[in-house]
2 protein chains.
Amino acid sequence: MVVTGLREANKRARRDALVDAAQALVAEHGLDAVTVEMISAKAGVSARTFFNYFETKDDAVLGLVDTGIAPAAAREFAAGGPSGRLLTDLQVLVGVLLESFAGQHERAVQAFRIMESEPRLLQRHMVWVDRHKAELRELFEARRAVRPFSADNELLLMLVLLLLRTATTSWERSGHQGNLDSHLSDAVAQLIHVVASDLEPGA
Amino acid sequence: MVVTGLREANKRARRDALVDAAQALVAEHGLDAVTVEMISAKAGVSARTFFNYFETKDDAVLGLVDTGIAPAAAREFAAGGPSGRLLTDLQVLVGVLLESFAGQHERAVQAFRIMESEPRLLQRHMVWVDRHKAELRELFEARRAVRPFSADNELLLMLVLLLLRTATTSWERSGHQGNLDSHLSDAVAQLIHVVASDLEPGA
DNA sequence: TCGAAAATTGCAGTGAGTGCAAGATTGTCA
DNA sequence: TGACAATCTTGCACTCACTGCAATTTTCGA
């Protein structure tokens, strides 16, 4: 953790090289025309090594870092905060996630761009949610104990997915204008509007 | 269309045999321990023929029939009906979808059961939404022209997905109690509640 | 500088999925 | 009814993602 060491540095460098190679090749030839062999060759490692770094080809193309949920944000959410309103706090949580996704800005932009033209990869967010399902469920349960609510965990999971996807596609569509957070706010506003306008008497 | 013919009958029979074989084997051995060869053998056809019926192993396990959206329901939605309220009409649309999914009740129940223990298949609904994305978008656009609303198509797509998944998992969790429709209503109610309680001043 | 730990790599193998062409089945129409 | 056409099935050969294993190389710590 403290002393980086050559090992760590090399690992990160290789990883980045693989992501860059994967993204460049896919951007040029399309997802199905690119093989793991090509990516590995371009990054200067063997195909077998590729799989020491990524579970699947798709993971590499998307540059999956798979940071979990930031502990601080998780704790606050579980404790019933920061605002005490479920949807609002869900938005905050997703905001933190998006930040960690977009951490490596260049690569994230590339990933989103590729996602647009390769519908198969659109499931990325679902895969993410899937992988952290257990973690999220625990979070929901913890919060439920402190500040009860009636919604099922499953619905909240899907809400997280909805916010993730709506915000990122909106950001992507805007040509990466503004910060991701404003697109997230917009997604929440849209959701509220859809629901609210269904409740108005004069529909 | 009118005269069924041996061809049609055989096709349906083979298809059903493949789904039954796939579901039985997966229920017993788990998804990864079952190969396409096994399924084909059990259904009495060659492995090559399997792929004349299904694009992927997963499709067979889930018994994907891939009925599109019922034209009548689609027309009504596009025309701005039946209620004129976006969320409510979205619910109706999803209800029709669920009905066509659960058409073959036995197989549907099996599919949902397997889905629960094989998280990879949980993406099924997303795949469905993905495949009908274009169709749904057209529907949204048509309706938008008649009865404008501000939400993005992407958000509506995710809303469809949310309703599909929340309703079916709730149904599954209840041990297939009651009809799917009541679980769908419940999902919508939960969603409304989450949003509404976020708007209340005394949160 | 030496030995332990960790990483890379080749190799052999499984299994999904595809294109193709030959052979079997089924529908149709005279 | 019989033959021709359309449709299905199947075997074969192939590509590629992904895995386990064991040998080899690289890096680290003392």
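A:Asp32 and A:Arg120 form a salt bridge in which the closest N and O atoms lie 3.2 Å apart; a salt bridge here is a side-chain nitrogen of Lys or Arg within 4 Å of a carboxyl oxygen of Asp or Glu. This pair links distant parts of the chain, 88 residues apart: A:Asp32 sits in the loop between helix H1 (5-29) and helix H2 (36-43) of chain A, and A:Arg120 in the loop between helix H7 (105-117) and H8 of chain A. Side chains of opposite charge can pair when their charged atoms come close.

The model is predicted: local features need pLDDT of at least 70 and side-chain atom pairs count only at pLDDT 80 or more, whereas totals for chains, interfaces and linings use all residues. Residues are numbered from 1 along each chain as its sequence is written, chains are lettered from A and ligands numbered from 1 in the order in which they are written, and side-chain values use heavy atoms, with hydrogens and water left out.

Chain A contains 11 helices and zero strands, where helices (H or I, at least four residues) and strands (E, at least two) are DSSP runs numbered from the N terminus. Its C-alpha atoms fill a box of roughly 60 × 40 × 30 Å along the principal axes.

The contact between the chains (heavy atoms within 4.5 Å) takes 38 residues from chain A and 38 residues from chain B. Buried area is the accessible area (1.4 Å probe) that two parts lose on being put together, summed over both; for chain A and chain B it is about 3,700 Å², 61% of it on carbon and sulfur atoms. A:Arg85, A:Leu155 and A:Asp198 supply 16% of the area that chain A buries against chain B, more than any other three residues.

| Salt bridge | Closest N and O atoms |
|---|---|
| A:Asp32 and A:Arg120 | 3.2 Å |
| B:Arg165 and A:Glu154 | 2.6 Å |

The largest pocket has a volume of about 770 Å³. On a 1 Å grid over the protein atoms alone, a pocket is an open set of points where a 1.4 Å probe fits, with protein on both sides within 12 Å along at least five of seven lines, and lining residues have an atom within 4 Å of a point. The volume is the space filled by probe spheres set on the points, which are joined across faces, edges and corners. The lining comprises 26 residues, of which A:Asp58, A:Gln123, A:Val127, B:Arg120 and B:Gln123 lie nearest the centre of the pocket. Helix H4 (57-62) and helix H8 (124-131) of chain A, together with helix H4 (57-62) and helix H8 (124-131) of chain B, each give two or more residues to this lining.
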